[in-house]
Amino acid sequence: MNWADNFRGAARGLSANKLRSALTVLGILIGVGAVIILVAVGNGSSQAVQNRIKSLGTNTITIINRGRFGRGPATGGTQSRAATITSSDVGKLEDPNQAPDIASVSPVVNASETAAFSGASTSVTVTGTVPAWLGAEDYQVEAGRQLTPADINSHARVVVIGQDLVSNLFQPGSNPIGSEISFGSSRFQVIGVLANKGSSGGQDLNNVALVPYTSAEDQLTGYTDNFTELIVQAKNASSVNNAEQEAAAILASANHTSIANLPFLIVNEGSLLATSQSTNQTFTVLLGAVAAISLLVGGIGIMNIMLVNVTERTREIGIRKAIGAPRSAILGQFLTEAVLLSLIGGLVGIIVGLVGTRFRIVGVHPVVATSSIFEAFAVAVAVGIFFGFYPASRAAALRPIEALRHE
């Protein structure tokens with residue numbers, strides 16, 4: 001008896017009990033579909049988190065001034081003293097001899113202000129910085145122009161605004177370029193509009209106003225030669241860690257301390273991304289493992305149904321063996337039935353899984369992993385073989401005389 005005969009016999013056997021076969025297929029279907037959908041949800045969640053981290057900057061390190069270091073005010077011992085990031089520090093970080101892996105350094109001074117124009121107003125954090133900041137933070141200018149070194153040197157009162165300020169201060173369809181908006185008592189001319197950037201971690205990245213840091217110190221914060229933070233961009237992704245070490249060493253030397261006691265918070269976006277990828281990969285694997293449990297349940301269902309089939313068809317098995325059917329023919333037919341159930345369940349499960357990934361799930365847009373489709377289908381077939389083998393071998397092992405006597 002060849003495989004074609006086995007297939008025809010298996011199809012006839014399964015069609016004799018359509019409802020029972022359908023319910024068995026349903027177990028495999030749910031397992032395969034669940035694996036595809038949950039792995040896609042994990043991938044989608046991972047991709048969303050990585051995109052949020054990438055939106056904060058490309059190959060960047062953020063150095064934040066924490067204010068003071070030491071043991072704090074006391075009657076004795078080491079006193080706390082101010083920790084500063086100065087223009088001198090920026091110059092050292094930009095020196096390719098001292099920091100060969102650093103591509104650009106963007107000093108930042110921030111000021112919380114109320115922006116106003118023609119009777120409309122809104123709150124905004126004004127960022128005083130340099131032209132390199134836009135590239136480091138991955139912003140694009142949609143209209144007008146960006147800041148230039150000439151703006152910095154001349155202390156120009158110009159501003160590049162985000163989409164939130166455009167929508168909150170200006171009429172729809174109007175062109176803000178050339179208009180003057182007020183930050184408190186100071187007026188700045190709009191020279192550019194940033195492209196939409198969305199949000200990250202609850203922070204609206206479109207609610208931004210960029211001015212030359214020299215103008216911010218003149219008009220908003222007062223001159224202190226003390227920056228709120230630095231945005232350091234490495235030359236490429238592979239040199240981010242080296243750039244971090246170079247920046248830390250330079251700042252530690254400037255503040256007469258060690259890297260371990262550096263009075264600044266240093267955030268490496270590359271490390272955040274790597275940690276996120278590792279965490280989300282673990283999360284995705286766990287989701288897939290949970291979904292795979294349903295495949296195991298489906299396999300138990302196949303074994304249960306096949307044992308019932310063997311019991312119900314014991315007399316048929318006895319007749320076939322009595323007229324000369326070999327053990328391998330009986331084994332092949334029942335094993336084919338089990339595999340056929342898992343094949344049908346696997347194929348329909350793939351369709352259900354792919355349809356399910358077309359919808360947002362708990363706010364996440366699933367991203368299908370092609371490997372999960374093949375792996376889920378392969379496991380479904382393996383489950384059919386594994387859980388179908390025992391009932392099939394039990395059927396093949398029946399003695400003809402005992403089978404024929406079965407009622």
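1. Helix α7 spans residues 213-221, and its buried residues are Tyr-213, Thr-214, Ser-215, Ala-216, Glu-217 and Leu-220. Here buried means under 20% relative accessible area, exposed means over 50%, and partly exposed lies in between, with a 1.4 Å probe and protein chains only. Helices are DSSP runs of H or I with at least four residues, strands are runs of E with at least two, and both are numbered from the N terminus. The buried residues of α7 pack against the strands β4 (102-117), β5 (120-129), β8 (180-183), β9 (186-194) and β12 (208-212), and against helix α5 (149-154); contact means heavy atoms within 4.5 Å. Just after α7, Gly-222 adopts a positive phi of about 85°.

2. On provenance, this is a predicted model, in which local features need pLDDT of at least 70 and side-chain atom pairs count only at pLDDT 80 or more, whereas totals for chains, interfaces and linings use all residues. Residues are numbered from 1 along each chain as its sequence is written, and side-chain values use heavy atoms, with hydrogens and water left out.

3. As to the chain overall, it contains 13 helices and 14 strands. Of its 407 residues, 47% are buried. Among contacts with a separation of 6 or more, 77% join residues 24 or more positions apart. The accessible surface is about 19800 Å², and carbon and sulfur atoms account for 57% of that surface; the areas come from the Shrake-Rupley method with a 1.4 Å probe, and for residues only the protein chains shown count as cover.

4. Helix α10 covers residues 314-322, with Thr-314, Ile-317, Gly-318, Arg-320 and Lys-321 as its buried residues. These residues lie on the same side of α10, because they cover an arc of only 165° around the axis. The arc is taken from the directions that run from the helix axis to the C-beta atoms. Gly-324 follows α10 and has a positive phi, near 110°.

5. The largest nonpolar core has 44 residues, of which Ile-63, Val-159, Ile-161, Ile-181, Phe-183 and Leu-230 touch the most other members. Helix α8 (residues 240-254) gives the most to this core, with seven residues. Another core, of 31 residues, lies apart from it and includes Ile-36, Ala-291, Ala-325 and Ala-395. A nonpolar core is a set of buried Ala, Val, Leu, Ile, Met, Phe, Trp, Tyr and Cys residues joined through side-chain atoms within 4.5 Å.

6. Ile-161 deserves a separate entry. Not counting residues up to four places away in sequence, Ile-161 touches Val-166, Phe-170, Pro-176, Ile-181, Val-190, Gly-192, Val-193, Leu-194, Val-208 and Ala-209.

7. Helix α3 (residues 87-94) and α8 have axes that come within 10 Å and cross at roughly 145°. Axes are lines fitted to C-alpha atoms, for helices over the stretch in contact, and angles run from 0 to 180 degrees between N-to-C directions. The crossing of α3 past α8 is right-handed, a crossing being left-handed if the near helix is turned anticlockwise from the far one by less than a right angle, and right-handed if clockwise. On the α3 side Asp-89, Lys-92 and Leu-93 take part, meeting Ala-247, Ile-250, Leu-251 and Ala-254 in α8.

8. The loop between α8 and β14 (264-268) holds Pro-263. Pro-263 is buried, with a relative accessible area of 1%.

9. Two residues other than glycine may be checked for backbone geometry. Ser-118, in the loop between β4 and β5, has a positive phi near 50° and is exposed, with a relative accessible area of 69%. Asp-138, in the loop between α4 (132-136) and β6 (141-144), has a positive phi near 60° and is partly exposed, with a relative accessible area of 34%.

10. Ala-120 lies in strand β5. Not counting residues up to four places away in sequence, Ala-120 touches Ala-115, Asn-168 and Leu-169.
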